[in-house]
Amino acid sequence: MILVLLCLGSGIVSARQVLTGVVSDKETSQPIQDVSVDLLRLPDSSLVESATSSSEGIFLFYKADTANTYALKLKHNLYKSMSMPVPVKKTGLVNSLGVLSMEPTFFNLKEVVVQGYKVTVTERNDRTVYGIPEGLQKTSSDGLDVLRKVPTVQVDYLNEDITVNGRSNIKIEVDGISRDKSYLKRLHPSQISKMEIITQPSGKYDADIDAVINVVTNPAMRYGLKGMVYAGAFPIAKEAYLGMANASIDYGREKISYYVAGNGIYQNLSIDSELKRETANTFMSQTSTQPMSAGLANFNAGFIYDPNKFNDINFNVAYNSTSIQAGNTSTATTRGVSNLFRSESDTKSQSGGLTTSLFYKHFFDKAHKQTLEAEINYYNSLGNTSRTDFSNSYLDSITNAPLYTSPDQWEVSNTTVRNLYGQANYSLPFDSVYVLNLGLNGNFNRYLLDNSSQTVSGFTPNNLDYADLRVGGFAEVSRSLKKGNLRLGSRFETSRVSVGSGSPHLYRSILPYVNALYTINSDNSLKLGYSRRVIRPSTSQLNPLVSVVDSMTISQGNPHLKPAYRDNVQLTYTLRLPFKKTTINLSPQVFYEYKSGLIQQVVSESTQAGRFISMPANISNGYEYGGNLSINAQIGPVMVNSNVRYSLFHVDKYLDQIDATNRQGWNWNGFVMCPLPANMHLITLINWNGPMLNGQTETRMDLMHLIGLGKQFKNNSVLRLMAYNPFSKDFMHQQESINTAALKQTQHIYLHKDVGVMLMYVYSFKVGKTIERQRKTIEEQTQDQLLKLPINF
């Protein structure tokens, strides 16, 4: 019996115990991935087990016991190495060490010091995180320009529209706070440390969000006085040019920072198009020239207030304005009706609005893991109106002389948009490896369209009073594993939609999602994700105004459109190939997406001879599948980013207007930067979209190619000279095709180029002292004492 008791006692004393903890950035409290953590047995410092922190910063050890004492050694190339003793816990199967904060190596307000040029790509279960190295910062003018050089993201140079893998409903965040794209233009590239691209958004976001871009900034860059100003001139052709200007200033103290920023773009363009349309009864050929001038302006102001380590407050006011004046002259020849038509129009539109947002985040502990955040946004449009004056003429087919010209006609649409959005989210870590996330949000949208017209067609304009009240929420739980992470969740939404005086429609949606990440080792990982999303109709698609500006095509919206749905599955493998002076990150991906109730524009023949109707409708179902390859590499001093996507599309038959269709499509965007002597750099950027299927319409875009040369001066200024499409006669060329049993149509839209060279000058300044972090916490004091112990690491 004594021997048995001794054996049992020995078993109890040396019971196995799991050690776990979370590694985070001391400055930002964000988790750090790929930290090398060694478990050492004391007093001989023998290695017991090694682990690498996951995307959530979590590490696990399974070989510890209660009979020995241990120490940890943590290493990461961007953080100071640290060592610490493991607190003794004699009971329990799990010994949780809490949050271990690592200190970044160095920050300087006057210049960003980057440890080499190494490119970092980190996969998390729902996002890909791209580190922004110094070379990319130096070749960019602002935050939006940095975004242009990130794989999977496309930013066009005319309207600065942002898409991710071809999807346009993108939510932009900066440090997890909702912003607009103009806010990115106030960020100096040196302020940006990471770009997070979320292609499968969690239930925290509205169900119609296609992707989320979260820009992570360097908190140390808030201190001091800094500013940026740049101007650019872009002559495209004799009568086409573009000018831009941007200015921002920030002032930050220990707890609060203020900012003011403004930017503007002026465009003077001339866009040509050629259209050919054929049915069993008619054939039409139409050419159009559209001179257009546009002005876009934006203003941002606000503050970031951190009164203590437990509270963050952000306030922002944004004003945006767009004014457009466009003329159009089109001539159409028809066969079957035997007429020659000419339409002349002049459109003036003004749109804009004011957005006010307030964000608050509370941390319940010093580890910054248990959090509560709340956000409220209000948008109100300001004087949005559009007026088109036009006339249609019938011409002599031989002399082109007018045989009949209609009286002056006009169409006016006044729009009022109001949007109120609020959300609250709560995050609770428990049992060391689990995190529970809960959230509620509400969204009220009101669209008032006051339409009026005077036309010879006799159409009575309809107004639109559209109200959408949405209440949603989500619940998810994630579990950190030794080599990965698993997250399960679902979003629910109830939407009450009313159109005019009709009875409201109720839509209820359950939108589940799951993400899993398996880290094979520090250089290989595998990620699988599934999500269900909603596609809602836009305001322009809902507008019931019947437009007859084009004498050959009647255009109108459809206020009876219903939401569409899509189910998406993605499997991504990430491989990192490190060499002495080269780092290559490869991310091949396969995907499948099923879409139901697709909202597409449908062109059909009218009962009036020779005329057609263009109108959106909920057509049949379809699917898309294919592959994607993302490359992010640093080859010596040369930086390379590339993303290639290949897709196969299918759309089911819809009445007699869309045949059952199979198409293939692809797109490629890439960026290369090479430093040159004398503080100069060479950059080239490529964006090439192959055929993309949208209901009836297949769209192709010609290659867009940019080559640029930059010179950096000692006064923190940069001069850049960039040539757009130097080997093409067109700045932009787009082809749209419809090929069904009932209709065959081809349209070419292009912007001619004579020059296509942009000259840009950027100047920035920073006034502030170098920030050296001080070791003041108890953890750091413990670390200093441990380093004095006679332990051989």
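Student: Among the contacts in the protein with a separation of 6 or more, what percentage comes from residues 24 or more positions apart?

Tutor: This is a predicted model, in which local features need pLDDT of at least 70 and side-chain atom pairs count only at pLDDT 80 or more, while totals for chains, interfaces and linings use all residues. Residues are numbered from 1 along each chain as its sequence is written, and side-chain values use heavy atoms, with hydrogens and water left out. A contact means heavy atoms within 4.5 Å. Taking the contacts with a separation of 6 or more, the share that joins residues 24 or more positions apart is 64%.

Student: How many salt bridges does the count come to?

Tutor: A salt bridge here is a side-chain nitrogen of Lys or Arg within 4 Å of a carboxyl oxygen of Asp or Glu. Some of them join into a network, one that links Asp206, Asp208, Asp468, Arg470, Arg491, Glu493 and Arg536. By this rule the count comes to 32.

Student: Which residue forms a salt bridge with Lys482?

Tutor: The closest N and O atoms of the Lys482–Glu49 pair are 3.0 Å apart. The pair links distant parts of the chain, 433 residues apart, with Lys482 in the loop between strand E27 (464-481) and strand E28 (484-499) and its partner in strand E3 (residues 46-52); strands are DSSP runs of at least two residues, numbered from the N terminus.

Student: Is Glu49 buried or exposed?

Tutor: Buried means under 20% relative accessible area and exposed over 50%, with partly exposed in between, using a 1.4 Å probe and protein chains only. Lys482, at 34%, is partly exposed. Glu49 has a relative accessible area of 7%, so this residue is buried.

Student: Lys80 and Glu103 also meet in a salt bridge; what is the relative accessible area of Glu103?

Tutor: The N to O distance in this pair is 3.8 Å, and Lys80 in strand E6 (residues 79-85) lies 23 residues from Glu103. Lys80 counts as partly exposed at 30% relative accessibility. Glu103 is buried, with a relative accessible area of 8%.

Technical notes. Helix = DSSP H or I, 4+ residues; strand = E, 2+ residues; numbered from the N terminus.
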